[in-house]
Amino acid sequence: MRSRSEESRRLRVTHCPVNTAGIPWANVQAQRRKGVDARLVVFERYRLHPEADSSLDRTGGLARRQLAQWRAFARLLPQTDVFHFYFGLTLVPRSVQFRLIRAARRRSVVHFLGSDIRGKRAEELAFARRADARIVGSYDAVRWVPDAEVVPPGIDLAAFTPVPPSDRARPLVVHAPSSRRRKGTEHVIAACEELGVELDLVEGVHHDEARRRYERADIVVDQLNAGWYGIFAIEAMALGKPVVTFLREETVSRTEAAFQTAVPIVSATKATLADRLRPLVDSPTERKRIGAASRAYVEQVHDVDRNADRLLDIYARLRR
């Protein structure tokens, strides 16, 4: 039972210790707009997503790095009601992290983002059961964490003005692989060569530059292996682009049932990619139709402010 002073005080949430794909920072900003005292603390700032309130900037060997993490945890513990961990990482060793949080009458969630769980054995993810809740970003990911809450990645839609696909006869396909092998890039290149379309491979550039290149796209190809889509596809849809990627049918059905809307993404495999791209290449009207449906879809499913409400609901249930 919480005291009256605890009830009236603003909720304090520490998001940590990485800013993978910018998702933690987006959540922090959205929660602040809801009146939450939210902050992001990272081990180090990422080159592509350097946003954070503070960075430990760890140096030296394991002992020195651990010391920096323990000091940060000791400083943050009195200032935090809920610790929101990302990417399977914690501030101090997992063996003691959740026990210490609970002993201090705080709460914790572990938020998996995709590649941190995909293909892993159950015992490798068992540590997350020590947290008060587990979160995944899609119904595809519940295959690995069956008791997880599903909160799709959110983006600030105010920062994305739709740029509909062009009418050009030779459309531009944009593909932004974080790993060519994992994303099936060789098959994307082959399909574009077969169809005679222009291909822009966006790799290793700052997010602002990547965004400018996404805006030029007529068609976006995400990945051909994972079975679901990520932030790249979400941002492309927010810009009003048709997206092609490999989707598992069961996950599509569960997502559509949960959010009461159709998933507008064109599903393709390595073998069918050229055939699935061809109608989009041939028809500017079809590109624009799917692009408009894509923007409407992210407004319903991936609006970071809506998703902030979903996260706050999880926190509230943990603190009762």
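**Helix α2, its partners and the spaces around it**

In this predicted model, helix α2 meets helix α13 through Ala-26, Asn-27, Ala-30, Gln-31 and Arg-33 on the α2 side and Val-304, Asp-305, Ala-308, Leu-311, Leu-312 and Tyr-315 on the α13 side. Sorted by class, this contact brings together seven nonpolar, two polar and two charged residues. A packed pair of helices is described by the angle between the two axes and by the distance between them. For α2 (residues 23-33) and α13 (residues 304-318), the axes come within 9 Å and cross at roughly 80 degrees. Since angles of 65 to 115 degrees count as roughly perpendicular, α2 is therefore roughly perpendicular to α13.

The axes of α12 and α13 come within 6 Å and cross at roughly 25 degrees. Angles under 35 degrees count as roughly parallel, so α12 and α13 are roughly parallel to each other. In this contact, Glu-299, Gln-300 and Val-301 of α12 meet Arg-306, Asn-307 and Arg-310 of α13. The residues involved are one nonpolar, two polar and three charged.

Ile-23, Pro-24, Ala-26, Asn-27, Val-28, Ala-30 and Gln-31 in α2 are buried. An α-helix has 3.6 residues a turn, so residues three or four places apart point the same way. The cover over the buried residues of α2 includes strands β1, β2 (37-42), β4 and β5 (107-111), together with helices α9 (231-238) and α13.

Gln-31 lies in helix α2 and has a relative accessibility of 0%, so Gln-31 counts as buried. Leaving aside residues up to four places away in sequence, Gln-31 touches Val-13, His-15, Val-36, Ala-38, Ala-308, Leu-311, Leu-312 and Tyr-315.

Several backbone features deserve a look in the viewer. Most residues other than glycine have a negative phi, and most peptide bonds are trans. Against that background, the peptide bond from Cys-16 to Pro-17 is cis, with omega near -5 degrees. Pro-17 sits in the loop between β1 (12-16) and α2. At the other end of the helix, α2 is followed by Gly-35, which has a positive phi near 90 degrees. Asp-57 is not a glycine, yet has a positive phi of about 45 degrees; this residue is placed in the loop between β3 (54-55) and α3 (62-76). Phe-87, also a residue other than glycine, has a positive phi near 60 degrees. Phe-87 belongs to the loop between β4 (82-86) and α4 (94-103), and with a relative accessible area of 26% this side of the loop is represented by a partly exposed Phe-87.

The pockets come next. The largest pocket has a volume of about 1,400 Å³ and a lining of 49 residues, of which Ala-21, Ser-178, Lys-183, Gly-230 and Ile-231 lie nearest its centre. Helices α2, α6 (180-183), α8 (207-215) and α9 each supply at least two residues of this lining, and α9 gives the most, with four residues. By class, the lining of the largest pocket holds 25 nonpolar, 17 polar and seven charged residues.

The second largest pocket has a volume of about 410 Å³. Its lining is made of 21 residues, and Gly-22, Trp-25, Ala-26, Asp-156 and His-207 are those nearest the centre. At least two lining residues come from each of α2, α8 and α9, and α2 contributes the largest share, five residues. This lining divides into nine nonpolar, six polar and six charged residues.

Methods. Residues are numbered from 1 along each chain as its sequence is written. This is a predicted model: local features need pLDDT of at least 70, side-chain atom pairs count only at pLDDT 80 or more; totals for chains, interfaces and linings use all residues. Side-chain values use heavy atoms; hydrogens and water are left out. Axes are lines fitted to C-alpha atoms, for helices over the stretch in contact, and angles run from 0 to 180 degrees between N-to-C directions. Angles under 35 degrees count as roughly parallel, over 145 as roughly antiparallel, 65 to 115 as roughly perpendicular and the rest as oblique. Contact means heavy atoms within 4.5 Å. Ala, Val, Leu, Ile, Met, Phe, Trp, Tyr, Cys and Pro count as nonpolar, Asp, Glu, Lys and Arg as charged, and the others, Gly among them, as polar. Buried means under 20% relative accessible area, exposed over 50%, partly exposed in between (1.4 Å probe, protein chains only). On a 1 Å grid over the protein atoms alone, a cavity is a set of points where a 1.4 Å probe fits but cannot get out, and a pocket is an open set with protein on both sides within 12 Å along at least five of seven lines; lining residues have an atom within 4 Å of a point. Grid points are joined across faces, edges and corners, and a volume is the space filled by probe spheres set on the points.
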